[in-house]
Structures are given as structure tokens and as C-alpha cells.
Amino acid sequence: MKYHIVTYGCQMNLHESEKIAGILREKGYTEETDIDDADIIVFNTCCIRENAENHAFGNIGALKRHKREKKDLIIAVGGCMAQEKGKAELIREKFPFVDILFGTHNLNELGELIDRKRAQKKRVFSLREEREETEDGITPVRTGYPGAWVNIMYGCNNFCSYCIVPYVRGRERSRSADDIVREVGELAREGYKEITLLGQNVNSYRGTDGTSFPALLDRCASVEGDFRLRFMTSHPKDFSAELVSVVKKHKKICNCIHLPVQSGSNRILSLMNRRYTREKYLEEIALLRREIPDCAVTTDIIVGFPTETEEEFQETLSLVREAGFSSAFMFIYSPRTGTKAAAMDGQIPEEIAKDRLSRLIEAVNEQTRSISAGYVGKACEILCEGYDEKKGLYLGRDEYGRMGYFESEENPIGAYVTLRIERANGISLYGTIA
Ligand code: 5AD
Ligand code: SF4
């Protein structure tokens, strides 16, 4: 019996798919890379923007043919979109060939849901409203060697006005610091070289014993082993000098911080319910640069939020220049039913939003290119994480998140490699082993 998992969305989802794989392995399934040959297909969905949903719906629709050709195939749909209000009913009606539906709060029950489905003809649709436990006892099938993800907390309490995450992932729940540190230790001993602590808003982590996020990070970075430590995502409203000092203290913690700004306009930030100002954000960046001059900062930006004017968009462009981001994820605002922003007047026409996005991408790319150009002729240490079939080159990232490509006779995946950079193309660097 073979499984195939299709994952949409963020690193949290990628890691949860590793847990889904863990459950399926336990049930005796093995992985199948070809979806046509699988006995169970699991879609782990995302609903952060409308296009993520449309994409998933399109691909789930295409499974009708698989089910026709293979009667005992099991099709399961889970994750954020499944948890979203009204979506279970929609999936039930529109896709009669979906056998199992589970949400974000009952992923751990997938094994039982499969048993139930096998024992009966009826479909098994199961959702839970909330979940308190933070330990699921699942051994994930890790797919990111030399990288590994560790959840430190689940859910979000921030209710940014555009965001659906708090509705589909529930309130914040932090894992115990001891459990997290133990997991980091195990991963280090198993030879993982890049460990990323995951949470929707890591700065509001609060362990059962009161441990703060900087204290947790300090403990994780003190674990013995030859690994890099990253964390995401930080919220600027909770960013602290204490956090900066922990990052500065440990060589293991990468000097690369993901700090989503979303907008450069104070009026829009306030409408977004972000609870910081442009000035506070820039002060944080200044503090970071003062303490850790080489620190790279990456961000997320939304354009076309309801009522955003051209002048306000210009403030985002000027912030991009002032903050000196080394890269950014950039999005057109997508209204999500049930969020505050979706009900706001002044939704921005698509052509205007698209035009703003392309100007923003150009501004960010300009910076990305100039940072990359600065690497040429210099040495750069990367952690080799894979092989690019198309390019015929190995690849890996440096501490700051730059991707370096190179040739190698031996397989260096999982090793730190020093490259001499010969040329740069956008965010990618090309070099030879020094
Ligand atoms: N529309 C567009 N982008 C969004 N994000 C979250 N919700 C939306 C939305 N409704 C973006 C934010 C966040 C990132 C993960 O996704 O920039 O930081
Ligand atoms: Fe969404 Fe805001 Fe929570 Fe991030 S902090 S998950 S953007 S509500």
C-alpha cells in the first residue's frame, strides 16, 4: 500500500505533511512519488490567499479520474482549507469522490479516520473546533535533510485584519521548552545541520514554565552539535532587544531574520491591526543593524489592501529602500471571507494592485541584485542542501539565505562548503569550491 501527499502553503504545512507521512508509515503505507500509483492520496491544503484555494480545488477536481480508474483508492483532504468555515460542506457537495476530510486540529486522528473509512462505505468528514494538546506523539518522516523543522507553538492570537490564520489554526498554544530542546538535541545527534523553529508568531512563545522566546532560543542554541538555527515568523510588535542579544550571542543562530512588515504606511498598518508603526519597525531594523551589522532582513509585503492610495504605496516603496531587505515575499491582498478586511469598503481594483506589485517586485529585485553582486569575487560558506537537476548543479544557502550553486564530483549534501563566487544572477550565486 502506497501514499502520495500533495502539500500547499507554508513551512508549517510542509512539516505537518511530514507528520501525515509519519501516520501513514505507521499504518504500513510506503511513499509513492507518482500520484497515479498511490493507494491513498492526501491533500494538505492552504487558504491564506484565494489562489492557494483555487489551486487546491483544481487539483482535487482532477482526482475524479483516478477514483474512476481505481475504485479502492482513498482520497483525503486536510489542513487549513478543510478547517475553513463552510469549506467542508462545499467539498462534500462538489467532490463526491473525496473519502476523508480532516482539519488542522485533528491531524493526529488521521490513522483512525482511515480505519473508519476502510470499515464502512460512508465518507468520513471530521473536524474539531479547537485543540489544547501540543504533543501529538507522531514521529514525522523528515524530508528536508539537512534541514529539519520543529514546531514551538501553534495558532495565532493577532487577528491581523486581512488574515485567516487565527480562524483556521485557533488560539496560540506553546509546546513545553523541555520538549522542544529535547527534539532539537535529537535532531542534532541525528546529524541535521539546519534546524528551524516554527510558529505563526514565535515572539509570543510562552512555555508552560514561563520560558520566553529569547530564553528558548538561547537554550536551543546551547544544544551541542554542528548545526545552524533559524526561526520564523517574528512579529515586529513583539520584537525585542533581548532577542537581538541572543541572536548576537550565538554563532549557531543565523544572522538572518524574517520580519514581515506588510506595509510602509501607518494608516494601512493600523487598518491591518498590526500594532506597530513604520517608525517602530525601522527602529527595530536599526537596532538589529547596530548590534549585528551583517544581519540580513527578509520580509512579507501586501499591496492593494483596501483603501491603499498611491501615496501610501509609495511609502511602502520608500520603506523597502530604507530597511534594505535582502529579499521579500510580496503579495496582492486577497479578501478572505470572515476576516475584518474583507468587509471593508474601498477594495482596490485588480489592475491597480497588479501594477503596484510589479513596481514593488522591481524595487526589491534591485536590492537583491545589488546585494548578490557584492558577493562576486568573495568566499561564501553554504550548507549544501540538494541537487538541481535542471541546472546540473548542487545548491545550498549561506547563513543570510543566499542560494549558491556549484559543481562537485562528490555528493556534498549535508556538508558546509566554501564557495568562491564567480557570478550572480538575481538572488542566485554561482561559484566553485574554494
Ligand atoms: N492576502 C494577501 N496576503 C496575505 N498574507 C496573509 N493573509 C493575506 C491575504 N489575505 C500574507 C502576509 C503574511 C504571509 C504569510 O502571507 O504577508 O505575512
Ligand atoms: Fe496572520 Fe497576523 Fe497571525 Fe501572521 S500574525 S498568522 S499575519 S494574524
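Which residue is the bridge partner of L419 in β19? The bridge partner is I433. The structure discussed here is a predicted model.

**Strands around β19**

- Strand β18 covers residues 416-425 and pairs with β19 in the antiparallel sense, over six bridges.
- The pairing of L419 with I433 in β19 is a bridge.
- β18 and β19 form a hairpin with two residues between the strands.
- In this hairpin, G426 takes a positive phi near 60°.
- Strand β17 (residues 403-406) also joins β19 (residues 428-433), and these two strands run parallel, with three bridges between them.

**Salt bridges**

- The structure contains 35 salt bridges.
- One of them joins K19 and D136, whose closest N and O atoms are 3.1 Å apart.
- This pair links distant parts of the chain, since K19 lies in helix α1 (residues 11-26) and D136 in the loop between β6 and β7, 117 residues apart.
- K19 counts as buried because its relative accessible area is 5%, and the limit for buried is under 20%.
- D136 has a relative accessible area of 23%, so this residue is partly exposed.
- Another salt bridge is formed by K237 and D238, with 2.9 Å between the closest N and O atoms.
- K237 is partly exposed because its relative accessible area is 22%.
- D238 is also counted as partly exposed, at 24% relative accessibility.

- R359 and D355 meet through their side chains in a salt bridge, at 3.1 Å from N to O.
- Both R359 and D355 belong to helix α14 (residues 350-373), where they are four residues apart, about one turn of the helix.
- R359 is partly exposed, with 28% relative accessibility.
- D355 is partly exposed as well, with a relative accessible area of 38%.
- R359 and D355 belong to a network of salt bridges that also links E308, E310 and R356.

**Surroundings of ligand 2**

- The residues around ligand 2 are C156, N158, F159, C160, Y162, C163, V165, P166, Q200, H235 and R274.
- Seven residues of this shell are nonpolar, three are polar and one is charged.

**A nonpolar patch on the surface**

- Y145, Y387 and I413 make up a nonpolar patch on the surface.
- Together these residues have about 260 Å² of accessible area.
- Y145 sits in the loop between β6 (124-126) and β7 (147-151).
- Y145 has a relative accessible area of 38%, so Y145 is classed as partly exposed.

**Residue F305**

- F305 is located in the loop between β13 (296-303) and α13 (310-323).
- Is F305 buried or exposed? F305 is buried, because its relative accessible area is 0%.
- F305 and S240 are 65 residues apart along the chain, and their C-alpha atoms are separated by 27 Å.

Technical notes
Residues are numbered from 1 along each chain as its sequence is written. Chains are lettered from A and ligands numbered from 1 in the order in which they are written. This is a predicted model: local features need pLDDT of at least 70, side-chain atom pairs count only at pLDDT 80 or more; totals for chains, interfaces and linings use all residues. Side-chain values use heavy atoms; hydrogens and water are left out. A residue is near a molecule or strand if one of its heavy atoms lies within 4 Å of it. Ala, Val, Leu, Ile, Met, Phe, Trp, Tyr, Cys and Pro count as nonpolar, Asp, Glu, Lys and Arg as charged, and the others, Gly among them, as polar. Patches are made of residues with over 30% relative accessible area and no salt bridge: like charges are joined within 9 Å, nonpolar side chains (Val, Leu, Ile, Met, Phe, Trp, Tyr) within 5 Å. Accessible areas come from the Shrake-Rupley method with a 1.4 Å probe; for residues, only the protein chains shown count as cover. A salt bridge is a side-chain nitrogen of Lys or Arg within 4 Å of a carboxyl oxygen of Asp or Glu. Buried means under 20% relative accessible area, exposed over 50%, partly exposed in between (1.4 Å probe, protein chains only). Two strands pair if DSSP finds at least two bridges between them.
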